[in-house]
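Trainee: I'd like to learn how to read a model like this one. Can we go through it together?

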Amino acid sequence: PRGFTVASSALTLRTGMGLTDLLAQYGDDDPEEAEDPKVEQAARIGAIPKAQGAAPKAMARAPAFGIEATMPRVDPAPPVDLLGMDEVQNFTIHPANKKILTNPSFAALAKPLQGPVQVGKRSLEQQFVNHKLGHVERMSMSSFAFDEQYLTFHNFGYAANPARAVPVGEETLVTTEAAPQPGKTIWDKAVKRRRSAQDFQPEEVVKKPREDNGGDQEAPSDEEEKEDPSRQWGGFADAATVHRQLESEVRTREEEVARQKEEEKAVEGEERETKERITSIFHGSKETDYAGRSWMENRAQAPRDVDERQCYLPKKWVHTWSGHTMGVQQIRWFPNTAHLLLSAGMDGKVKIWDYYNQRKCLRTYMGHDQAVRDVNFASDGTRFYSVSYDKNIQYWDTETGQIIATFTNKKTPFCVSVHPDPSQQNVIVTGCSNKKAVQWDSNTATIVQEYDEHLGAVNSVTFCEEGKRLVTTSDDKKIFVWEFGIPVVVKHIAEPTMHSVPSVVVNPQKKYLIGQSMDNKIISYEAFGRFKFMGKKQFKGHMNAGY
């Protein structure tokens, strides 16, 4: 306190010194503060001794008599204004509080709790938050209570209202399909409904009145049925009624089987018409030359320095092969010589083009009803396969344009690959829309094996290691490596950052798999061994992903 000093050596209180004298020593040396004139006047006349410090202020508040006149008055709980104090306003709100008596700021509401954290928890709020958006309370209900209300509602037509704030008079919910039976519980036996003859009658049959007495008795009214619940149900279903029902079901089944047979006949007729109208048009003057050589033979001589040439970026436009009326889906080189081009069009046609000489269309293969998805040559080029959106796989003779075989599994094939072994050119694998890679034998037009592990449509099928391994890609963003002929995945390639790879090719040295990734990249894997991902051989720069 101001004005009160204590000697460092000792503080001595005399016995005769009262409490009033001790409190009076709390003086105020502030000259600016003036004393109360009433207290000063009372001190002059000798009514009370003049006190210094806090005593004059306490005495001046109210008149005092006796010993109270000399005692100061102290307010134990003075009014304190805390408005605007940051230390009080920015306190942390406990998440479990249901009421807030102040007006806290947003910073106070979002302020994290401070204190020791238990082992295994990141923060103090973790015990109050059980959802991404806050705290969610679960309503506890035992299985017995749920089953009790469920069975009571379905058997007797009433149940307790599950809402929290239930208005007066809506404590019980009743069904509108039948008359409720309040008072009954699950321990009471429910009345079973007897099957009547009306249940076996078709909907078109109009309900006739009862004719117990020669047809003079009228049908019971709704009020009579309500009074007598037994009138709502008919009599026992006799054997004749059951027999009529069985006859109706048999008749419906026979009609369905006949309709299916008609559809199958129509499909067979369409296939027969397709085979009859399949034609191949040769656009040249003669299919053989003066020496009897076929138009397919390579007459262009390869340059002597072909092995020494290097591949550079294209510098100029050379030629455009025009003939398809819609987009071109796939292009394949003729095996070994590459003197012919085979193109699959969205117009349902396959065309073969001359590359070296006049660069014109030599033959058009018209056999598909819808767009052709993929084509692929056999090892010698004399035959090729085509798959289309009409769900058919066709085996063609390249020279004559005739179809050797047509087969289908009623699923849309997206790609076709021929076995690289020259002795197994009748073995092909197609990737279909039913999440399977199907192995076919074109000689018998039958399915040999199905590789079924993907979760999406199979987009590409690639043979590796001279036909010993099979690599498939799918819309499920996975790459599977199979042992050829065995439907078991030996290598599963799937990463969270991977995208779908709709197209895959093998480099000429048969060492790497090059794939088109849907994240605008060209990725590469080893084509042998462990099929390792080549992270340093990624090619970026495309700005638009797509098939």
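Trainee: In what order do the five strands of the open sheet come?

Mentor: First, the ground rules. This is a predicted model, where local features need pLDDT of at least 70, side-chain atom pairs count only at pLDDT 80 or more, and totals for chains, interfaces and linings use all residues. Residues are numbered from 1 along each chain as its sequence is written, and side-chain values use heavy atoms, leaving out hydrogens and water. Strands (E, at least two residues) are DSSP runs numbered from the N terminus, and two of them pair if DSSP finds at least two bridges between them. Here the order is E3-E7-E6-E5-E4, with antiparallel pairing. E3 (279-282) and E4 are the edge strands, each pairing on one side only.

Trainee: How many bridges join E3 and E7?

Mentor: Four, in the antiparallel sense, with E7 covering residues 361-366. Serine 280 stands opposite tyrosine 365 in E7.

Trainee: And how far can I trust the coordinates?

Mentor: Check pLDDT, the predictor's confidence in each residue, from 0 to 100. Where it is low, the predicted coordinates should not be read in detail. The chain averages 77, and 72% of the residues score at least 70. Over residues 45-60 the pLDDT is below 50, yet this stretch has 25 contacts (heavy atoms within 4.5 Å) beyond near neighbours in sequence. Residues 202-217 also stay under 50, and the model has seven contacts for them beyond four places in sequence.
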